[in-house]
Amino acid sequence: MENKNIRIWSLPFILSMLIGGLTFGSFFLAEPNIAGYSIHLGTDLVQAGTIAGLLAFAALGFRPFCGIIASRINAKILLSITTTIMAVGVFGYAFSTNIKLLILFRCIEAIGFSLNSTIGVSFAASFIPRDKINEGLGYYGMCSMIFSTLAPSLGLTITKVFGFKNMFIITASLLCVCSVIAMFIPSNEPIFKEKNEKKKLNINNFISIKVLPIALFTAILSIGNGIVTSYLALLGEVRQIAGISIYFTITALIMLSTRTLIGKLADKGKNNIIIFIGMISDAVGLFLIGIATTLTHIFPAAIFKALGQGASGSTLQVKAISKLPKEQSSIASSTYYIGADIGQGFGPIFAGLIVSSYGTSSTSYATMFSIISTLVLMGAFGFYIYSKYESKEKTFTKPKQ
């Protein structure tokens, strides 16, 4: 039995949370610039959207193997190695002189990112007492979200002042720092974990069927996130909205200020309500972005989107991890991120096709955001139906006293 007096804020947890935040922050420093950088290298909008979504697709292909790799090799070492791989990919962007090189380094970063994001969550979870897993992962998710929502604005600013090349070099350097920090996390794990040789590989070694529904709703939510990250700057250029990157700062502040309340509601068993209302708020935010024509219009859009993303995104992740025993958290995390990869991959491509079909005008962006907003809204009601089914299933399978 676990000691309920074990505190959450141990040094290993704090360091793993810091690395998770900095790694996601580094990822989103570069990501909003990929579509613009692709156009800079000579592609059109559809191709730029495809390249922006390529990392998620490449990560998706590698993601099913992440859980089993993480369960057999020391997590601290893997965390350091995968962060270094990400750094190599981002550093390569700075010296990509054509689209083929850019695609190559996107694939390299994807390999590192798919493993890193899976390992990061499960590694942090290993330092949290099971009875405090919701609270601990909530803090981890909050840290990652704050860094990842502040980073796009900073990344766009760095690019504007210093150019694409220097922005990528700065991002790669930050990832290298994360790689070094990872090696100093106290851990008693052996380099190669013991495994049962008689145990045969099956589907459950790669993904969790129990977590797949959560991955589906994560995919729907991630479509909107991927589109905002990839196209908000381009929307600002088309509509001449100066300073549109402040959207990301507002989003970070809102998520930070509401995280404690969301955590308390989650601890009271309100996860499903949080996710449902959060997805509706997210859909409203996307719609408002689509019709925004001034910076003033961006403020309410950012508030609704932040409330939605902060509530439903982090709660879906906690729900996914909680569906499996602690020793299988890497499998749960891997399955959860499969959904995120699908959404992040399809989102920019789908959006690029919609915008291009309308001639890349202001109206085309409004149409695109409205379509995605409707999709997320449908996802919210889909989740409501799923939560009712889930509740009935728990009641039916509950053992009699």
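This is a predicted model: local features need pLDDT of at least 70, side-chain atom pairs count only at pLDDT 80 or more; totals for chains, interfaces and linings use all residues.
View 1. Residues are numbered from 1 along each chain as its sequence is written, and side-chain values use heavy atoms, with hydrogens and water left out. The largest cavity holds about 660 Å³ of space. Of its 40 lining residues, Phe-24, Phe-28, Asn-225, Gln-309 and Gln-344 are the closest to the centre. Helix α8 puts in the most, with eight residues; other elements giving two or more include α2 (45-62) and α5 (99-125). A cavity is a set of points, on a 1 Å grid over the protein atoms alone, where a 1.4 Å probe fits but cannot get out, and lining residues have an atom within 4 Å of a point. Grid points are joined across faces, edges and corners, and a volume is the space filled by probe spheres set on the points.

**View 2. The second largest cavity has a volume of about 40 Å³.** Counting those of 30 Å³ or more, there are three cavities. Around this one sit Met-142, Met-145, Ile-146, Met-255, Arg-259, Ile-262, Gly-310 and Ser-314. Helices α6, α9 and α11 each supply at least two of the lining residues. By class, that makes five nonpolar, two polar and one charged.

**View 3. The second largest pocket takes in about 490 Å³ of space.** Unlike a cavity, a pocket is an open set of points, with protein on both sides within 12 Å along at least five of seven lines. Among its 19 lining residues, Leu-156, Lys-160, Ala-233, Glu-237 and Ile-244 are the closest to the centre. Two or more residues come from each of α1, α6 and α8, and α8 has the largest share with five. The lining splits into nine nonpolar, eight polar and two charged residues.

**View 4. Asp-341 sits in helix α12 (residues 329-357).** Asp-341 counts as buried because its relative accessibility is 3%; buried means under 20% relative accessible area (1.4 Å probe, protein chains only). Neighbours within four places in sequence aside, Asp-341 is in contact (heavy atoms within 4.5 Å) with Ala-56, Ala-59, Leu-60, Arg-63 and Phe-113.

**View 5. The largest nonpolar core has 108 residues, and Phe-168, Tyr-365, Met-368 and Phe-369 touch the most other members.** Such a core is a set of buried Ala, Val, Leu, Ile, Met, Phe, Trp, Tyr and Cys residues joined through side-chain atoms within 4.5 Å. Helix α1 (residues 11-40) brings the largest share, 13 residues. Zooming in on Met-368, and again skipping neighbours within four places in sequence, its contacts are Ile-227, Tyr-231, Ala-351, Ile-354 and Val-355.

**View 6. Stepping back, the protein has 13 helices and zero strands.** Helices (H or I, at least four residues) and strands (E, at least two) are DSSP runs, numbered from the N terminus. Of the 401 residues, 55% are buried. Among contacts between residues at least 6 apart in sequence, 85% join residues at least 24 apart.

Terms used. Buried means under 20% relative accessible area, exposed over 50%, partly exposed in between (1.4 Å probe, protein chains only). Ala, Val, Leu, Ile, Met, Phe, Trp, Tyr, Cys and Pro count as nonpolar, Asp, Glu, Lys and Arg as charged, and the others, Gly among them, as polar.
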